[in-house]
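Welcome! Please have a look at the model below before reading on.

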Amino acid sequence: MLINAVPQFQGALTKRAPEMPEGCVALAELAGHVLGVPVHHIRQTRETSPAVDGIANREVLTGVNRAAQLAALEAPGGPVLTIGGDCGVELIPIGVARYRFGPGLGVAWFDAHADLNTAETSPSGAFHGMVLRSLLGEGDPDFAANPRLEPGRVVLAGTRVFDDAERAAIDRGLVVEADDVAAGLSGSDKVYVHIDLDVLDPAEFDGLNYPEPGGLTIERLVAMLRGLSGFEVAGAGITECAGTDVRVLEPVLEVLGELLTEKQ
């Protein structure tokens, strides 16, 4: 098992986005301690670049940041826990997992937001709100995954905020919503688990980059993750940590460690 810390923030345009590199390092250090695994820190630039064709920081996101992540995943030697950084850091590890494991890869997407916008529909131009749509092979060709995740192989969990275009994408079957995440992933050969910490209720953890009311408790999130123990979890990611006092998240790290190692 490998932990990759990816302190990218340029995929988000929120007030707290610049805090995410420090949050990433703090959470990765805790993960290394809890799981007893070395942490690989992937260098990400602190520079920004102009919005181009509706995507902020395009040059940064498609340039040095992406190249560093790709290099780190050339020969991981086992399952990888990616710790961000904004949700855009998931484009590379999930894309690599899809390439390696084939069309039967399922994704459990624990996130307050669906992240199903495109450059044309995004209200902000922030790529972290487009990453899942890109993984499904749609949207801007500089980001669209090939091979893509198969429609219907992604289950949204704890998602409670949708733009109209995102709801339309769900209605045509790109992803599914399911109270029982494991049932929604039935038939998947392997599973990748994505956790944007804003799936949690703000009262549970104050280091959220994009908090939304009505989220999960940590206890509920852990229980939902344990419900995936019947699958081989090929990789996981935790994103959007904008705080450095992260000790409350230890139970989440513990269960991810169990999922990533028990069937390997």
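This is a predicted model: local features need pLDDT of at least 70, side-chain atom pairs count only at pLDDT 80 or more; totals for chains, interfaces and linings use all residues.

**A helix pair**

Let us begin with helix H1, residues 20-35, which packs against helix H9, residues 250-261. The angle between the two is about 55°, and their axes lie 10 Å apart. H1 and H9 are therefore oblique to each other. The crossing in which H1 passes H9 is right-handed. On the H1 side, Leu27, Leu30, Ala31, Val34 and Leu35 make the contact, while H9 brings in Glu250, Leu253, Glu254 and Gly257. Sorted by class, the residues of this contact are six nonpolar, one polar and two charged.

**Empty spaces**

Rolling a probe the size of a water molecule over the atoms shows where empty space is left. Here are the volumes to keep at hand:

| Space | Volume |
|---|---|
| Largest pocket | about 320 Å³ |
| Largest cavity | about 90 Å³ |
| Second largest cavity | about 40 Å³ |

Start with the largest pocket, whose volume is about 320 Å³. It is lined by 21 residues, and those closest to its centre are His113, His128, Gly129, Asp163 and Tyr210. The lining of the largest pocket is made up of seven nonpolar, seven polar and seven charged residues.

Now for the cavities: how many have a volume of 30 Å³ or more? The count is two.

The largest cavity is lined by Gln8, Gln44, Leu61, Asn65, Arg66, Gln69, Gly88, Val89, Leu91, Ile92, Phe127 and Phe143. Two elements each give two or more residues to this lining, namely helix H3 (64-72) and helix H4 (91-101). Which of the elements provides the largest share of the lining? That is H3, with three residues. By class, the lining of the largest cavity holds six nonpolar residues, five polar ones and one charged.

Around the second largest cavity you will find Ile55, Asn117, Thr118, Phe127, Met130, Arg133, Ser134, Glu138, Gly139, Asp140 and Phe143. Its lining divides into four nonpolar, four polar and three charged residues.

Note on methods:
Residues are numbered from 1 along each chain as its sequence is written. Side-chain values use heavy atoms; hydrogens and water are left out. Axes are lines fitted to C-alpha atoms, for helices over the stretch in contact, and angles run from 0 to 180 degrees between N-to-C directions. Helices (H or I, at least four residues) and strands (E, at least two) are DSSP runs, numbered from the N terminus. Angles under 35 degrees count as roughly parallel, over 145 as roughly antiparallel, 65 to 115 as roughly perpendicular and the rest as oblique. A crossing is left-handed if the near helix is turned anticlockwise from the far one by less than a right angle, and right-handed if clockwise. Contact means heavy atoms within 4.5 Å. Ala, Val, Leu, Ile, Met, Phe, Trp, Tyr, Cys and Pro count as nonpolar, Asp, Glu, Lys and Arg as charged, and the others, Gly among them, as polar. On a 1 Å grid over the protein atoms alone, a cavity is a set of points where a 1.4 Å probe fits but cannot get out, and a pocket is an open set with protein on both sides within 12 Å along at least five of seven lines; lining residues have an atom within 4 Å of a point. Grid points are joined across faces, edges and corners, and a volume is the space filled by probe spheres set on the points.
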